Amino acid sequence: MMSNVIEDDDSFTKPLGRRTVLYYGVGHMLNDITAACWFTYLLLFLTEIGLSPRDAATVMLSGQIADGFTTIFAGELIDRFGHFKIWHGAGSVLVAISFSSVFGGCIPCKIFATSSSTLRTVGYSVFAAIFNVGWAASQVSHMSMVNCITLSSTGRVVLTSCRNAFTMVANLTLYAIALIVFAVTKAETNADIENQYRWIAYFSIFFGCCFVGIFLLGTKEPRSKVGVQGNSHARIAWAYWFKRALYYEVALVYVLTRLVTNISQAYLAFYVINDLRMAQSAKALVPAIIYICSFIISMILQEIVWTGQRLKAYYSAGGILWIFCGAAILLLPRSMSAFMYFISIFIGIANALMTVTGVSMQSVLIGENLGGCAFVCGSLSFLDKISCGLALYVLQSLQSSSPELQLTKSVHVYISVTRFGLGLIPPFCALVGVAVTYTMKLHTPFSKPIMEPLLE
């Protein structure tokens with residue numbers, strides 16, 4: 001019995017096998033590719049088929065709210081009963097079933113033989129909510145699993161880096177699919193537009209489900225009740241986390257990081273098409289460049305031995321880089337639109353640095369307290385979803401009321417919400433995130449010595 005405990009302890013702290021890291025890393029691919037489609041194309045799709053910007057924002061907000069509350073619910077149940085893989089598999093099934101309906105035709109409109117804007121908004125909102133319930137269950141189980149696979153802070157960052165790298169692969173796959181679909185099909189009517197996005201959804205679901213299968217077959221169900229030196233990790237009350245200052249600091253950094261990546265992802269397509277007037281292919285090529293660079297940086301980050309100070313330093317570097325990118329977006333004239341490809345390189349680098357380190361700070365917060373790991377991931381995701389949903393709703397609502405300034409009788413200046421939203425909000429969030437990170441005290445007691453290999 002004692003030897004089994006010792007083996008369990010060793011499995012928590014020994015270097016991770018590359019297969020373990022790989023199998024874990026691909027487990028979020030279905031969520032990643034559908035989320036990329038959600039943030040990049042949902043608002044564009046809904047406005048193209050005739051919904052007002054405010055109605056389109058309502059659909060997205062309904063999904064974000066459903067996602068946010070599900071993360072709390074799923075996190076609490078996972079902490080109580082475990083079974084990470086069951087939650088992941090059930091969430092993935094719900095995502096696969098519902099996602100094509102988010103980008104399909106309005107089913108209630110067909111049932112009631114009417115196409116009023118209210119019914120269309122309600123119809124799309126319902127499927128958006130169902131999709132996000134499944135997405136949240138899969139996300140929380142996958143994120144919290146990191147902390148039960150290993151107690152080494154360096155190992156946890158390796159797992160997060162691998163997951164982020166495959167997030168980039170999923171995003172690149174989406175944009176490759178979108179580029180092909182947009183190139184070979186014409187969109188002259190609403191039905192044509194719906195068919196375009198429906199095929200993108202079908203291919204995305206098939207691609208993601210293949211990797212979910214690899215994850216479920218290759219990953220062992222992690223132990224959440226046994227810890228270092230045989231300590232039992234019973235469920236931890238919520239009040240424990242609310243009494244820790246580090247919880248609020250990590251939560252704020254995580255939410256700010258998600259605001260940076262999600263708002264930039266949601267409005268890049270609008271920016272390159274409406275503001276810079278680039279070719280239609282740019283709404284796939286610009287994001288593709290971002291994710292190629294993020295993938296490369298994520299792979300490099302796997303080979304670093306991590307401490308609390310390094311997490312802070314790399315996060316700050318990514319945040320500062322985003323501030324410069326935001327200034328470039330704000331000032332970039334239409335005549336120099338090709339320069340956007342160059343800016344995309346640095347956005348990709350900044351996104352990877354901020355995302356990997358920002359998410360890894362959750363693992364530092366959790367430490368050995370595995371009985372509350374799902375609640376931490378769920379509660380932070382709740383804050384992320386609600387804040388991103390509200391921010392996108394406000395920005396999208398302002399799209400239809402952007403003022404026009406008359407400088408002279410012949411000169412009119414249109415104030416683009418897209419340009420100012422993309423050029424000001426992510427950099428401001430990055431700046432605040434860097435400031436909060438500077439004040440944090442991150443301790444990584446389970447880090448391995450630098451001379452020890454990162455992976456087996």
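Reply: The structure holds 3 salt bridges, a salt bridge being a side-chain nitrogen of Lys or Arg within 4 Å of a carboxyl oxygen of Asp or Glu. The model is a predicted one, in which local features need pLDDT of at least 70 and side-chain atom pairs count only at pLDDT 80 or more, whereas totals for chains, interfaces and linings use all residues. Residues are numbered from 1 along each chain as its sequence is written, and side-chain values use heavy atoms, with hydrogens and water left out.

In one of these bridges K385 is paired with D67, and the closest N and O atoms are 3.8 Å apart. Because K385 belongs to helix α15 and D67 to helix α4, this pair ties together parts that lie 318 residues apart in sequence. Helices here are DSSP runs (H or I, at least four residues; strands are E, at least two), numbered from the N terminus. Both partners are buried: K385 has a relative accessibility of 5%, and D67 has a relative accessible area of 1%. Buried stands for under 20% relative accessible area, exposed for over 50% and partly exposed for the range in between, with a 1.4 Å probe and protein chains only.

K385 also meets the side chain of D384, at 3.4 Å from N to O. D384 is buried as well, with a relative accessible area of 1%. Through shared partners, the salt bridges join D67, D384 and K385 into one network.

Elsewhere, D275 and R419 are joined by a salt bridge with an N to O distance of 3.9 Å. D275 is in helix α11 and R419 in helix α16 (residues 417–439), so this pair ties together parts 144 residues apart in sequence. D275 is buried at a relative accessible area of 8%, and R419 likewise counts as buried at 14%.

The aromatic rings come next. A pair of aromatic rings is described by the distance of the centres and the angle of the planes. Rings of Phe, Tyr and Trp (its six-membered ring) pair if their centres lie within 6.5 Å; planes under 30 degrees apart are stacked, those over 60 are edge-to-face, and the rest are tilted. The count by this rule is 22 aromatic pairs. F69 and F382 form an edge-to-face pair, because their ring centres are 5.2 Å apart and their planes stand at 70°. This pair, too, links distant parts of the chain: F69 is in helix α4 (residues 53–81) and F382 in helix α15 (residues 373–399), 313 residues apart. F69 is exposed, at a relative accessible area of 51%, while F382 is partly exposed at 21%.

A stacked pair is formed by F103 and Y197, at 6.0 Å centre to centre and with 20° between the planes. F103 sits in the loop between α5 (84–102) and α6 (107–112) and Y197 in helix α9 (residues 190–218), so the pair ties together parts 94 residues apart in sequence. F103 is buried at 0% relative accessibility, and Y197 is buried at 0%. Both rings belong to a cluster linked by ring pairs, which includes W38, Y41, F45 and Y291.

The largest cavity holds about 480 Å³ of space. Its lining comprises 32 residues, of which T167, R258, T261, N262 and Q265 are the closest to its centre. As to volume, grid points are joined across faces, edges and corners, and the value is the space filled by probe spheres set on the points. Among the helices that each supply at least two residues of this lining are α11 (245–275), α12 (282–301), α14 (339–366) and α15. By class, the lining has 14 nonpolar, 13 polar and 5 charged residues; Ala, Val, Leu, Ile, Met, Phe, Trp, Tyr, Cys and Pro count as nonpolar, Asp, Glu, Lys and Arg as charged, and the others, Gly among them, as polar.

Helix α12 also holds M299, which is partly exposed at 36% relative accessibility. The C-alpha atoms of M299 and C162 are separated by 6.8 Å, although these residues are 137 residues apart along the chain.

Key
On a 1 Å grid over the protein atoms alone, a cavity is a set of points where a 1.4 Å probe fits but cannot get out, and a pocket is an open set with protein on both sides within 12 Å along at least five of seven lines; lining residues have an atom within 4 Å of a point.
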